[in-house]
Amino acid sequence: MEVESRKRVVSFLHMPPELLETIVLSPVLSIPDVFSLSGVCRLLYETVSRQWGKIAKNRWPNWDGAVVDGNAVDWRTLVWQRYMCERRLKALLDGLMDRGIHVPLLDDHDLKGFSEMVETGRCSSDLVDCVLRDFLMVPPKRANLTRQFYSLYGREHLHRMRLQGKWNALLELPESQQCLEAGAILLAQWMNPWNSISAESVVRELDDIAILVATRILAKQRAALDSTCPLVPTRPSSELMDQVRGLGLDACAVLDEMNAVLYGQLGFRPSSQEEYYDDLNSYIHMVLKQKRGIPITMSIVYNSVARRLGVTLLPVNFPSHFLLKLRSPQERETGNVQDGVFIDAYNRGTRRTRLQCMELLPLLLPSLSPSYFTIVSFAQVCMRMVGNLCSNSTLMTGMELHRTYNEQTEQWGCLRLPQALSLQLFLCSKMVGLPFASDYAIACTGLCLNLKYSPVLVEQILQDLSQSESCATSTLELHHSALRAVKMKEELCSSLPKCRIPGLKFRVGMVATNVRYNYRCVIYGWDECCEMDESWMARMRVNQLQMGRRQPFYHVLVEDGTTRYAAQENLEPCTQADFPLIRHWELGRYFVGVMERGYVPNQALRNVYCEDCG
């Protein structure tokens, strides 16, 4: 008797729901795979639909952008948007490699692809920033270092684009509505992209100082000043300010009470000589926190408090020491600008005459000039603040570019000088037609050309200056020549690849130790012989080396964050298989990942040193 054997057919339809859910949540499946799976049948569609929220949290645990006003969330749509945003950003980041390896700095023109993603509506600004932040949070040994390098640039670019809109709105206001504190807040936010600086918090602190002064004035008026009374009164601040303004007090009497509160009670003070050039002195939120600053930021705090108490002070662009001016009754009556009192907010609110301001002049300017006492506009104050930041950066670090790593937040800081220059370039492009702007524009474009930064915007500003009569033709010609040299050097740098030569002991990506100067480094380039100028070779005593200048020299990224040029005879290969990672902000410019005893060159570096990476 023939027995018919029947095989039991088993399919995913017979799987327990828990097993199906485990498969759906597996990281092995890509997001397109999960979408494809959900389209197979109704059972899988329903299974996947229940898991979209978990899929999002499992794939992107740091993603906090999926909560929408407490309403029901369409996780399926959000997951697809997130996946597409990642895909576009990866392509954009990879596309920056070829230019990024040949220029020292990327500018907003190079990075416009990030803002275009937002402007075209393909991704929200918050989502782009979130994805870039997640790229940066991957540990170095598992990360794509090149994408991390350009992700930092992308986040900074998006931050600047958001603030440019606020700057535009502020600059378009009538000058009577442009308050100095608003410009100071935007400058601090621009220069601190990773710190959440709240404009409302700064305004509230200034309000609190004004409340202390108002309370003191009103208490004196009632002859009932009590040292035990609360510092912050319970009545509304607007009512207190109105009451003080309604008293009709002499402005100097109000300023005396301000001085007592600011410098006596709260302890505001000038910066010491060691602290003076610290960037923190240029940020209004830090001036309020540390109770110290430089003349211009102390003047802005002083002016902001006075304005709340009904006293109008005017900004004065005095050389090397910003001042405020209180117009005297005689000046208001006669219009004679020689009258009036000058206030030195940096030195405890001291009131000075024109002659007394002489002692504030630097030695290079021995005599007073009427131009030193010119009342300046909001725009000029902002330009001077940014100019101070650029000068401080070049004074403290020269033209060397460096990011500082924060151990607590595990984040790289921004490049201070390029960040300040980007703001100065933006303001120059908005004000280039104004008489005072040409000097700032020439200084700014000169710095940019030295750094080879933002040649497109520099060229635009120089063209605008050429059409005005406020700038010397010879100066413009020098800048145009420098611009042509920058463009020519970019073209040369992106030319033919380098072929290996006999005698080379190292390849790009290798980790080495400099036995002469005792540092570890990673090699990202080499030259057949020393290509530095004679002054550099004399300073570094190259001719005293055993092989002199006629030996290979290597471009290296050093573990202390610097970039150096090392002779081959001073280098020894790293012998550690599990070497400590070198922390350098430019690693991602040249390398994509970590390998045994070294780093994996990215495609842009492979194109230059193709034989090293073969």
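Reader: OK, contact means heavy atoms within 4.5 Å. Leaving aside neighbours within four places in sequence, what is Trp167 in contact with?

Author: Gly183, Leu186, Leu187, Trp190, Phe378, Cys382, Leu423, Phe426 and Leu427. This is a predicted model, where local features need pLDDT of at least 70 and side-chain atom pairs pLDDT 80 or more, while totals for chains, interfaces and linings use all residues. Residues are numbered from 1 along each chain as its sequence is written, and side-chain values use heavy atoms, without hydrogens or water.

Reader: Which residues touch the most others in the largest nonpolar core?

Author: Trp167 and Tyr302, out of 160 residues. Such a core is a set of buried (under 20% relative accessible area, 1.4 Å probe, protein chains only) Ala, Val, Leu, Ile, Met, Phe, Trp, Tyr and Cys residues, joined through side-chain atoms within 4.5 Å.

Reader: And which helix gives the largest share of this core?

Author: H10 (residues 199–221), with 10 residues. Helices are DSSP runs of H or I, at least four residues, and strands are runs of E, at least two, numbered from the N terminus.

Reader: Switching to H3: where does the helix bend?

Author: At Gln51, by about 50 degrees. That's the angle between axes fitted to the seven residues ending there and the seven starting there. Gln51 is also one of the buried residues of H3, and that buried set packs against H1, H2 and H4.

Reader: What order do the strands of the open sheet take?

Author: S3-S4-S5-S6, with antiparallel pairing; to pair, two strands need at least two DSSP bridges. S3 and S6 each have a single partner strand, so one side of each lacks a neighbour in the sheet.

Conventions
Buried means under 20% relative accessible area, exposed over 50%, partly exposed in between (1.4 Å probe, protein chains only).
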